[in-house]
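Biologist: Before we go into details, I would like to see the chain itself. Please put it up, and I will ask about it piece by piece.

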Amino acid sequence: MDNKWVDQLSAIKRLRKDAYRLDSKIIIMLAAGVVLSGISPGLAWIGGVPAFFLFYRKVVKSAHAPCPRCKEPFGVAQKWPLGVGGDECQNCGLELKLAESDSESDGGP
Ligand SMILES: [Zn+2]
């Protein structure tokens, strides 16, 4: 029935999964923060702050991913979201679970 949105809903799900996965850049910065805090506790922010912003940028990107049906931000409409949003479009209520039958293989390299 609503199968035409499955691809885009799957993409939103992938963005969300990705947002909460620590990628190598974030891990390196967190590690740098730990090392620097060993030198001086006041230096910990040098690794921690960029790591947080990299993480938050991914959260914003997935929260603002457009809804395939209404083209409004799917998760959160606010400029500075506190999370990736719920499982339904905040604007039109399209449900993310429609994408549950997605196959990870298509669209991958
Ligand atoms: Zn919508």
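Biologist: How far does α3 reach from its first C-alpha to its last?

Modeller: This is a predicted model, so the values are computed from it. α3 has 20 residues, and at 1.5 Å a residue the expected reach is 28 Å. The reach in the model is close to that expectation, at 28 Å.

Biologist: Within what arc do the buried residues of α3 fall?

Modeller: The buried residues in α3 are Gly47, Ala51, Val59, Ser62 and Ala63. Seen down the helix axis, they line one face of α3, because the arc they fall within is 135 degrees.

Biologist: Which residues are exposed on the other side of α3?

Modeller: The buried side is covered by elements that include α1 and α2. On the other side of α3, the exposed residues are Val49, Phe53 and Arg57.

Biologist: Is Lys61 buried, exposed or partly exposed?

Modeller: Lys61 lies in helix α3. A residue needs 20 or more C-beta neighbours within 10 Å to be buried, and 12 or fewer to be exposed. Lys61 has 14 inside 10 Å, so Lys61 counts as partly exposed.

Biologist: What separates the C-alpha atoms of Lys61 and Pro81?

Modeller: Along the chain, Lys61 and Pro81 are 20 residues apart.

Biologist: Which helix do the buried residues of α1 pack against?

Modeller: In α1 the buried residues are Leu9, Ser10, Ile12 and Arg16. They are on the same side of α1, because they cover an arc of only 155 degrees around the axis. The helix that they pack against is α3.

Biologist: How far apart are the end C-alpha atoms of α1?

Modeller: Helix α1 covers residues 6-19, which is 14 residues. At 1.5 Å a residue, α1 should span 20 Å, and the model agrees: the end C-alpha atoms are apart by 20 Å.

Biologist: Which residues make up the largest nonpolar core?

Modeller: In soluble globular proteins, nonpolar side chains tend to be buried together. Here the largest nonpolar core has eight residues in all. They are Leu9, Ile12, Ala65, Cys67, Phe74, Cys89, Leu94 and Ala99.

Biologist: Which residues does Cys89 touch, not counting those up to four places away in sequence?

Modeller: Cys89 is one of the residues in the largest nonpolar core. With residues up to four places away left out, Cys89 touches Cys67, Arg69, Cys70, Phe74 and Leu94.

Biologist: What pattern does the chain follow, read along the sequence?

Modeller: The chain has zero strands and three helices. Read along the sequence, the pattern is α-α-α.

How values were computed
Residues numbered from 1 in each chain as written. Predicted model: local features only at pLDDT ≥ 70, side-chain atom pairs only at ≥ 80, totals over all residues. Core = buried A, V, L, I, M, F, W, Y, C linked by C-beta atoms within 7 Å. Contact = placed C-beta atoms within 7 Å. Helix = DSSP H or I, 4+ residues; strand = E, 2+ residues; numbered from the N terminus. Expected span 1.5 Å × (residues − 1). Arc of directions from axis to C-beta.
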